[in-house]
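Hi everyone, thanks for making time.

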Amino acid sequence: MKMILKRLLLALPNLIGVIIVTFVLTRALPGDPAAYFAGAAATPEAVEQVRVKLGLDRPLPEQFLHYVVDLAHGDWGSSLATGQKVTTEIAARLPASLELTLCGLLLAVSIALPLGVLAATRPNSWADHGVRVLTTMGVSLPTFFTGLLLVYIFYYKLGWAASPNGRLDAFVTSPPTVTGFYLIDSLLIGDLAVFWATLKQLILPTVTMALFVLAPLARMTRASMLGVLSSDFVRTARASGLTPGTVLYTYALRNALLPVLTTMGMVFSFLLGSNVLVEKVFAWPGIGSFAIESLVASDYAPVQGFVLSMALLYVVLNLLIDLAYTWLDPRVSLDG
Amino acid sequence: MNAPVASLPLLHVADLSLEFRTRSGTVFALENIAFSLNKGEMLGIVGESGSGKSVLAYSMLGISDGAARVTAGTAMFGGADLLKASEHELREIRGREVSMIFQSPRTALNPIRKVGHQIEDVLKRHAAVRGVDLRERAIDCLKRVRIPDPARRYDAYPFELSGGMCQRILIALALACQPSLLIADEPTTGLDVTTQAAIMELLSSLAAEQNMASILITHDLALAAQYCDRIAVMHAGHLIECGPAEEVLNAPHHPYTRRLIASTPHTAPSIAAMSPIPGNLPDLRRSDLPPCRYAGRCERFEAACNAAPLPEFAITPHHTVRCWNAE
Amino acid sequence: MNTKHLRYVLKENPITAVAFSVFSLFVLMAIFGPLIAPFDPLDSNAGPALSPPTWHNPFGTDSFGRDILSRVIVATRLDFGIALAAVLLSFVIGSAFGCAAGFWGGWFDRISSRLADTIMAFPLFVLAMGVVAALGNTVGNVIYATALINLPFYLRVARAESNVRREAGFVEAARLAGNHDLRILAVHIFPNILPPMMVQVSLNMGWAILNAAGLSFIGLGVRPPMPEWGIMVAEGASYIISGEWWVALFPGAVLMLAVFCFNLLGDGLRDLIDPRRRT
């Protein structure tokens, strides 16, 4: 418990930094920020109202305080297009993005880790060369392009995949919201039809997300395993006659996963970034496409809200990685 | 120190040759190695760095580097040839019949696993111990190597223990299933002198208790002199002299052994009197290596030394040397 | 490193040699693009609208009847230009700050490290989106945004490398000879950290192109009818579902090739400079 608190404290400077940067971004708008938030169609009186409401006529430090207080109260502004509060919009769409991102991560990990281990245990085999080619190519793939390619091949040409328009086919109704994750919610009410429908829509976008992060994960796993397999303690394990399984999993892999875990931070950064692109290609109703629509409509409050929520999510994810690492590695001290 | 026992040797190595295939050529790491080891005996293998001592040890257990190839020879242990055993058969022998401990004990233990659990892994594998007995047996192993407060140390991680303590854990691991042969590869290098002595005392008393044979690989002649029954001297992949410790040290026959002893601080009367051995080890990648690899550095060198393959000369039935000009 | 060594290295690494040749091809396209393109990229009479690849239009035409091959060739200049400008900007500012931070330490080090950490606290693409949204939807701002998100990499590498060399013998010697710190930094430290920084630059260029294309895919930066790979893929996206694959495929494939080429070059450079770091 003390460990968690200590780690939380260490994450605080990042949190503060994020809030400061988003504040600067909201106020760094060229021209008159009030006009931007009021919208293109606003009258001069409306713009003045917005200016006073947002405290844009106040000195900067006061504005910052105002901003932080507003954030804490859930007042992140309103969307000009929908008229809804930004927090409401984001809360409604967040599960869609999270479901997609988590599925992408799960798929990537379940392929990359075994591949990396295989490449390390069989050096110079086809698996090893395959992984090396994959990792160099993988980081060159433009996410939006691979998404489109997959749609073309698997939807248009082969007809295997579902059409890329959202989380569910138009004729299927979404399950009642418990978590917002359709996969979980449909299972909770035992509705397998909706479950499969959701899965069908999820496949292509998930694969697109996974492909992008597969490369750094597989590369790191391979490199880490190679290092660990030639270590002294693996030699001791072998010299003690332990089974290959024990040597590989209990001795080698557990140690090799530690550097891979530290790579996860970068992986999440890529994942959250490509989330936006994938949502556009597959018309996914998440916060990414919400941000894009708002951008096009010059609706700025939602875009700021999007950046802030993604950043907060990222801070939380990094904190989780930190905690996981501390839990797995007994050598890491609390102050570390 | 006992006189060698006149019975079937525990380990008998004959004509062992090993090479490494590397991108820059073949390294002829071992050539015609022959020695035997009796039950309860401690054999010291001494030599310079790069003489092939560790390579020899690794080949006994079959844990050599992937590029290593045994090109000739046998290593008879318990009626079977270790060099021809399958990986599966070797896994049964390692840790149960033949164990090994290494230098740098801190890095030789899994850093993120409790030491007690690491001992349990070996017990589970070879001794078919299960359940509650496991922890007790593991703590017993720790007691045997005289670790203070073994129940508490059981839960420790390697980074929390000193180098000497880690070496004791490694010994506990190696001896958990009471093997008949222990190979110790430079077990005290890197430890301070007091700890060195303690570890060596531990090793020799445990060996005596269990009537276990051991091979001590070291570059420290004084250590070998103190604890070993027999000494084998290696140079550039050749085993050039082998015999009872007292004989080899007090009346060495091979010119290299003589110079090795003369360059040891303990035996020389002063630092000024110490004479280093001239020259360097030959490059073992040359395909035109002479039959005697010490020829290039030897003061007794004659043209005849390069003529024919080096045989083994028996000074006494128990003391052999490979030199045309042994005296 | 003389030409003989260079030739030896290229021979030993055929992949790097191929990457280098493809890279040179791209550079030629970037420089001479408009001259070698068969059609004017904005000409909407280059062929019938939305026609598949033919001899006349090897990459087909888009919905406005513009020749895609010409547009792809001309787009090279813009994509490379944006990426190069962004990377150069990050490189210059990042190395300057990083060197100073690694060499002098103290409050400057703390502030620049804090700055790098704050940038890295965001998912980088999202931050770029936010910056462009805040500053305005222009190509210039895309360059600034891309430069900003690349800054931490250069800052950290420069800081680490100059920190290591701070205590080196030749620095001590220079100091004793009476050189003051700034001169030491410029003349002694900076040239020595260039090799690892060059590797960073090459690896970064690929990523910078991906970022720029990604931003224009979602409508930030480049506006139609400017030809740019990302925006062309976006234009072609809606036609993929109806089977007109060439509109999006060719720009996307060329984009992928360019990034791939930079990554291979970066790997090759890294192997050249420090073979121990090979993965």
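Predicted model: local features only at pLDDT ≥ 70, side-chain atom pairs only at ≥ 80, totals over all residues.

Okay, chain A and chain C. The contact draws on 49 residues from chain A and 46 residues from chain C. Put together, the two chains bury about 3900 Å², and carbon and sulfur atoms give 79% of that. Which residues of chain A lose the most area to chain C? They are A:Phe144, A:Phe145 and A:Leu148, and together they make up 15% of what the chain A side buries.

What about charges and polar groups? Across this interface there is one salt bridge. It joins A:Arg219 to C:Asp267, with the closest N and O atoms 3.8 Å apart. As for polar contacts between chain A and chain C, the count is three residue pairs, both residues being at pLDDT 80 or more.

If you want to find the chain A side on screen, look at its helices. Among the elements that give two or more residues to the side touching chain C are helix H1 (2-27), helix H7 (143-157), helix H9 (192-229) and helix H13 (300-328) of chain A. By type, the residues on that side of chain A split into 38 nonpolar, seven polar and four charged.

Now hop over to chain C for a moment. C:Ser216 sits in helix H8, residues 181-217 of chain C. Is C:Ser216 buried or exposed? It counts as buried, because its relative accessibility is 3% and the cut-off for buried is under 20%. Leaving aside neighbours within four places in sequence, C:Ser216 is in contact with C:Val222, C:Glu228, C:Gly230 and C:Ile231.

Last topic, the rings. Over all chains, the count comes to 25 aromatic pairs. One of them is A:Phe154 with A:Trp160, a tilted pair, 5.9 Å centre to centre with 40° between the planes. A:Phe154 is partly exposed at 26% relative accessibility, while A:Trp160 is exposed at 65%.

Then there's A:Phe195 and A:Trp196: their ring centres are 5.6 Å apart and their planes are at 70°, so that pair is edge-to-face. Here A:Phe195 is buried, with a relative accessible area of 16%, whereas A:Trp196 is exposed, with 53%.

And back in chain C, one aromatic cluster is formed by C:Phe20, C:Phe23, C:Phe26, C:Phe80, C:Trp229 and C:Phe262.

Conventions. Residues numbered from 1 in each chain as written. Chains lettered and ligands numbered in written order. Heavy atoms only, no water. Contact = heavy atoms within 4.5 Å. Buried area = accessible area lost by both parts, 1.4 Å probe. Salt bridge = Lys/Arg side-chain N within 4 Å of Asp/Glu carboxyl O. Polar contact = N/O pair within 3.5 Å; in protein donor to acceptor, adjacent residues only side chain to side chain. Helix = DSSP H or I, 4+ residues; strand = E, 2+ residues; numbered from the N terminus. Nonpolar A, V, L, I, M, F, W, Y, C, P; charged D, E, K, R; others polar. Buried < 20%, exposed > 50% of the residue type's maximum accessible area, 1.4 Å probe, protein only. Phe/Tyr/Trp six-rings, centres within 6.5 Å; stacked < 30°, edge-to-face > 60°.
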